[in-house]
Amino acid sequence: MAAARTDEKMQRKVQVEGPDGTSAWIVAVAVCLINFIMAGLGRMSGILFVAFIETYGVGRKKASMPSSVRSSQETCLCCDVLLAKDITWITILWGGLNGLGNALTVTLPQVVIGQYFDKYKTTASGMTFSGGCLGSFVFLFFWRH
């Protein structure tokens, strides 16, 4: 009997928010930030290529390997990449794992937006895609400072 009363109290406290609510817009902003970061990192491969040559003292072939691996596979592990002592680890961490993360962040956001929105689905999709556009232009300035 006491368990039934507890269940009733919990059901009264929990109010499920419908689509297009506040939590949906929080999800849309989060997806926008994910696209901002992923697109920004993808556009920095030329800058990182030069940095790899200077930092690790490797040739152009080895310095281009992380970008090549990333492009072939499509969460960046920035801290791990910055702490890596060898270009091989850069290839594995930035190329492989970042490529896998990029593949997941391209397809899943649209599924999530479809689940959280009904009426404002196109607005939310536009907002999430604009994060990638902004990241392509603005991320370089954040990286330098």
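Which residues does Val58 touch, not counting residues up to four places away in sequence? Select Val58 in this predicted model: the residues in contact (heavy atoms within 4.5 Å) are Phe52, Ile53, Ala63 and Ile87.

Before going on, note that residues are numbered from 1 along each chain as its sequence is written. Local features need pLDDT of at least 70, side-chain atom pairs count only at pLDDT 80 or more, totals for chains, interfaces and linings use all residues, and side-chain values use heavy atoms, with hydrogens and water left out.

Next, select Phe36, Leu41, Met44, Leu48, Phe52, Val58, Ala63, Ile87, Ile90 and Phe139, the 10 residues of the largest nonpolar core. Such a core is a set of buried (under 20% relative accessible area, 1.4 Å probe, protein chains only) Ala, Val, Leu, Ile, Met, Phe, Trp, Tyr and Cys residues joined through side-chain atoms within 4.5 Å. Helices α2 (22-42), α3 (45-56) and α6 each supply at least two of its residues; helices here are DSSP runs of H or I, at least four residues, numbered from the N terminus. A second, separate core of five residues includes Ala24, Ala28, Phe117 and Ala124.

Move to Thr128 in helix α7 (residues 121-144). Thr128 is buried, at a relative accessible area of 0%. Beyond four places in sequence, Thr128 touches Ala28, Val31, Cys32, Asn35, Gln110 and Ile113.

Finish at Leu108 in helix α6 (residues 87-116).

Key
Buried < 20%, exposed > 50% of the residue type's maximum accessible area, 1.4 Å probe, protein only.
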